[in-house]
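Subject: Structure handover

Hello,

Here is the structure I promised to pass on. Please open it first, then read the notes below.

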Amino acid sequence: MRIVIALGGNAILRRGEPMTADNQRTNIRVAAESIAAVAPGNQLVIAHGNGPQVGLLALQAAAYHDVAPYPLDVLGAQTDAMIGYVIEQELGNVLPADQALATVLTMIEVDREDPAFSHPTKPIGPVYDEETARRLEAASDWTFAADGETFRRVVASPEPRRIFEIGPIRTLIDSGTMVICAGGGGIPTMYDDDGKLRGVEAVIDKDLAAALLAQQVNADMLVIATDVDGVYTGWETPARQLLSRATPDELQSLNFAAGSMGPKVEAACRFVRATGNNAAIGTLSDIAHIVAGRRGTTVTA
């Protein structure tokens, strides 16, 4: 099977964990071992998040006043290369020596009229207590929103429309290469009034980008790996219940948090509706069982 695996932020950095290079490498090493378990007999394409990393770079840039801070699209490209580099190394350490690996920096087109630009919702960067978040908000033009009991910076998250490097990505997959691409939802780009392509101050949702990627590489399955073991009804209530299988219509009749499970459910539903193939949501450590349909939530047509 050709499988697109979208790694959630927990695959790289666990919530509340210091954002050190060593911590991120340790988590990616665990992710690589889980991915290696489903590699035999399958073609794998890896997408990943970058919210904590791109937010940290933005914070560091804002603290240096001699030059203007780099825009989010440039910071996104930096983090995609950095994370892809570590994923490649750690996969190479657990996969057969003849398995080719490649990271592709991926530009994804967005619409400059997308309403998301006037309603930022995508969390990036580290978590803060409310007092610190409000102080940073007052000192900058950043927007903060609650993330559980903490606060994070939020930015625009426009819809992914087109993957510019889809041709080279397909060629690599067809040649047997395991491709790491569409990192952090891809680098957001759009055409200006002069028809020139340029970057955008935004972050595309990683799961929605992964769903588009999975469609365009003709994947047989989309797996969204996160830090919970599936989709639940009644989450955070005594009556919560895991949905082991569901259709897009069944899932979209329910309400899921916009900042967490909502985009994952939407991405899975889009892929299933577009292709008729299965999508699944579950924990990274269960990927082999998720692909086999034994764990997680499988979304079927």
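**Salt bridges and helix turns**

E266 and R270 sit 4 residues apart in helix 8 (residues 261-275), so about one helical turn separates them. Helices here are DSSP runs of H or I with at least four residues, strands are E runs of at least two, and both are numbered from the N terminus. The side chains of E266 and R270 meet in a salt bridge, 2.8 Å from N to O. A salt bridge means a side-chain nitrogen of Lys or Arg within 4 Å of a carboxyl oxygen of Asp or Glu. E266 is partly exposed at 26% relative accessibility, and R270 is partly exposed at 27%. The classes use a 1.4 Å probe and protein chains only: buried is under 20% relative accessible area, exposed is over 50%, and partly exposed is in between.

Before you go on, note that this is a predicted model: local features need pLDDT of at least 70, side-chain atom pairs count only at pLDDT 80 or more, and totals for chains, interfaces and linings use all residues. Residues are numbered from 1 along each chain as its sequence is written, and side-chain values use heavy atoms, with hydrogens and water left out.

Helix 4 (residues 130-139) holds E130 and R134, also 4 residues apart and about one helical turn from each other. Their side chains form a salt bridge at 3.9 Å, N to O. E130 has a relative accessible area of 43%; R134 has 34%.

How many salt bridges does the structure hold? The count is 16. Another is R295 with D286, whose closest N and O atoms are 2.8 Å apart. R295 is partly exposed at 40%, but D286 is buried at 12%. Shared partners also join R25, R29 and E90 into one salt-bridge network.

**Two domains**

The domain assignment, automatic or from a database, gives domain 1 (2-110 + 159-299) and domain 2 (120-155). Their C-alpha centres lie 23 Å apart.

Together the domains bury about 970 Å², 68% of it on carbon and sulfur atoms. Buried area is the accessible area (1.4 Å probe) that two parts lose on being put together, summed over both. In domain 1, R15, L59 and V203 lose the most area to domain 2, together 39% of what that side buries.

The interface has 1 salt bridge. D205 and K122 meet in a salt bridge at 3.2 Å, N to O.

**Loops to look at**

Most residues other than glycine have a negative phi. A182 has a positive one, near 55 degrees. A182 lies in the loop between strand 9 (178-181) and strand 10 (187-191). Is A182 buried or exposed? A182 is buried, at 0% relative accessible area.

N218 has a positive phi too, near 60 degrees. Its loop runs between helix 6 (206-216) and strand 12 (221-226). N218 counts as exposed, at 60% relative accessibility.

D220 is also in the loop between helix 6 and strand 12. D220 is partly exposed, at 36%. D220 and V4 are 216 residues apart in sequence, but 8.3 Å apart in space, C-alpha to C-alpha. Leaving out residues up to four places away in sequence, D220 touches M1, R2, F271, N277 and N278.

Best wishes

Technical notes. Contact means heavy atoms within 4.5 Å.
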